[in-house]
Amino acid sequence: MTDFDLKCPECNSFFKTDRFSFNCPDNCDSLSNTVYQGFNVVEEEGIWRYLPMLPVDKSNNYNKTPVFLENQRFNELVGGEVVIAFHGYHPEVGADLDTCTFKEIEAVCSLRYAMEQGSDLALASVGNTANAFLRYTHLEDITTYIFVPEKTHIDLFCVEKSDNAKLVVIEDASYSDAQEIANQFCSRPDVSYDGGGRNIARRDSLSTLAYQYYERYNNLPDHYFQPIGSGTGAIAFYTGSKRLNDVGVVNKIPKIHIAQNNPFTPVVDAWNQGTRKLPTYDYNPLDRTYAKVLTNKNPLYSTTGGLYDILKSTGGSATTATKREAEKAGEKFNEIFNIDLYPAAEVGVASLMKKKLDGKILLNITGAGRKKLKKDLNPTTPKPDYIINDKSGLEEIK
Ligand SMILES: [Zn+2]
């Protein structure tokens with residue numbers, strides 16, 4: 001068993017995980033980090049090269065990784081020296097993530113973790129996460145139950161749905177309803193709630209980007225830039241960087257920069273007002289925001305070890321972009337690379353264009369290449385295994 005402890009950044013105590021409970025036993029409001037022994041790689045493919053720094057014993061057959069792109073025209077567009085960590089589909093540059101986002105990397109590691117803990121998984125999603133689990137559950141011998149509001153079902157797509165992924169569509173439900181029902185479903189003894197960014201398997205799988213960058217460029221970038229919803233990707237990159245520093249492999253912590261899409265910009269607003277407390281909004285951000293995946297109402301910001309602490313300790317920043325700016329940036333990106341971006345990725349490019357950053361910038365692009373995927377692999381909307389209208393329907397689910 002990979003030997004690791006969790007460390008609470010608030011009370012600094014070390015503890016062991018209890019399956020799907022990742023919180024400090026002293027009930028601190030904090031985001032605990034996995035502590036591994038040193039920086040070690042193994043002869044395996046994809047993220048499994050970094051198996052000694054993942055909370056699992058064994059790999060599975062998933063071998064994809066992001067690809068790094070560098071382009072002079074793009075550097076001129078954003079006014080900086082950029083490496084793009086490209087998570088999407090564009091085989092011409094070696095990018096073959098057929099759900100088009102880095103959610104599949106998180107899903108694959110979460111599935112492996114659940115398999116080793118001997119548990120089935122349940123989760124709620126309105127898009128990318130659902131697509132990732134529908135596509136890749138077949139890698140492990142467990143069942144996943146994916147709860148999706150009916151409204152967003154039509155937007156799901158899959159090149160091939162796993163037989164052991166059960167799609168549960170909930171009629172007339174919001175995302176929070178779906179979360180609540182998925183949670184309720186986890187009262188079954190052998191089903192655990194996936195837990196999103198608090199799940200160490202999800203976060204540590206995304207930390208591998210820092211190791212991959214280090215092995216390619218023999219250092220870390222000066223800046224890391226990413227549009228955020230929950231903030232999991234940015235936190236994971238910081239954590240991976242910190243691990244490399246803690247074991248003396250490098251001596252540099254990148255400044256972490258995040259971006260959000262107007263009008264829903266809670267993290268940017270709180271950060272720019274110098275407060276740990278997030279503002280509240282009296283509307284449903286899904287109705288007003290172009291980049292819908294950036295509308296998380298409970299980002300990992302205020303909690304100790306979350307984005308507030310990370311932006312503060314690295315001297316990072318927070319920027320916004322409007323829909324119009326995002327679309328324009330997406331067009332420019334398409335002109336240079338011939339790749340279509342998801343709205344959230346467009347927000348990232350547009351926000352970076354507003355910043356003047358010296359030194360090497362790593363821009364994380366997740367959500368790209370959907371048009372090409374459609375043409376090449378003809379993904380379809382997966383049919384529901386169950387349609388329910390409220391909690392009472394849960395009993396029908398096998
Ligand atoms: Zn604690």
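Biologist: Over how many bridges do β1 and β3 pair in the antiparallel sense?

Modeller: This is a predicted model, where local features need pLDDT of at least 70 and side-chain atom pairs count only at pLDDT 80 or more, while totals for chains, interfaces and linings use all residues. Residues are numbered from 1 along each chain as its sequence is written, and side-chain values use heavy atoms, leaving out hydrogens and water. Strands (E, at least two residues) and helices (H or I, at least four) are DSSP runs numbered from the N terminus, and two strands pair if DSSP finds at least two bridges between them. K7 stands opposite N33 in β3, and β1 and β3 are joined by an antiparallel pairing whose bridges number 3.

Biologist: Which strands stand at the edges of this open sheet?

Modeller: The sheet has 3 strands in the order β2-β1-β3. An edge strand here has a single partner, so one side of it is left without a neighbour. The strands at the edges are β2 and β3.

Biologist: What arrangement do the 4 donor atoms around the zinc ion make?

Modeller: Donors are N, O and S atoms within 2.8 Å of the metal (3.2 Å for Na, K and Ca), with water not among the atoms. The protein donors of the zinc ion are the SG atoms of C8, C11, C24 and C28, lying 2.3 Å from it. Four donors count as tetrahedral if all angles lie between 85 and 135 degrees. The angles at the zinc ion run from 107 to 111°, which makes the arrangement tetrahedral.

Biologist: How many residues apart in sequence are the parts that C8 and C28 tie together?

Modeller: The donor residues are spaced C-x2-C-x12-C-x3-C. C8 lies in the loop between β1 (5-7) and β2 (14-15), and C28 in the loop between β2 and β3 (33-35). The pair therefore joins parts whose separation in residues is 20.

Biologist: Does C28 count as buried or exposed?

Modeller: Buried means under 20% relative accessible area, exposed over 50%, and partly exposed in between, with a 1.4 Å probe and protein chains only. C8 has 0% relative accessibility and counts as buried. At 16%, C28 also counts as buried.

Biologist: Which residue of β13 is the bridge partner of P227?

Modeller: Strand β13 (residues 255-261) has 6 of its 7 residues buried, so the rest of the structure largely encloses it. It runs parallel to β14 (residues 317-321), joined by 5 bridges, and H257 has S317 as its partner there. Another 5 bridges join β13 to β12 (residues 223-227), also in parallel. Within β13, P227 has as its bridge partner A259.

Biologist: What is the relative accessible area of D172?

Modeller: D172 sits in the loop between β10 (165-170) and α5 (175-185). Its phi is near 50°, a positive value in a residue other than glycine. D172 is exposed, because its relative accessible area is 76%.

Terms used. Four donors count as tetrahedral if all angles lie between 85 and 135 degrees; four count as square planar and six as octahedral if opposite donors are over 155 degrees apart and all others between 65 and 115; anything else is irregular.
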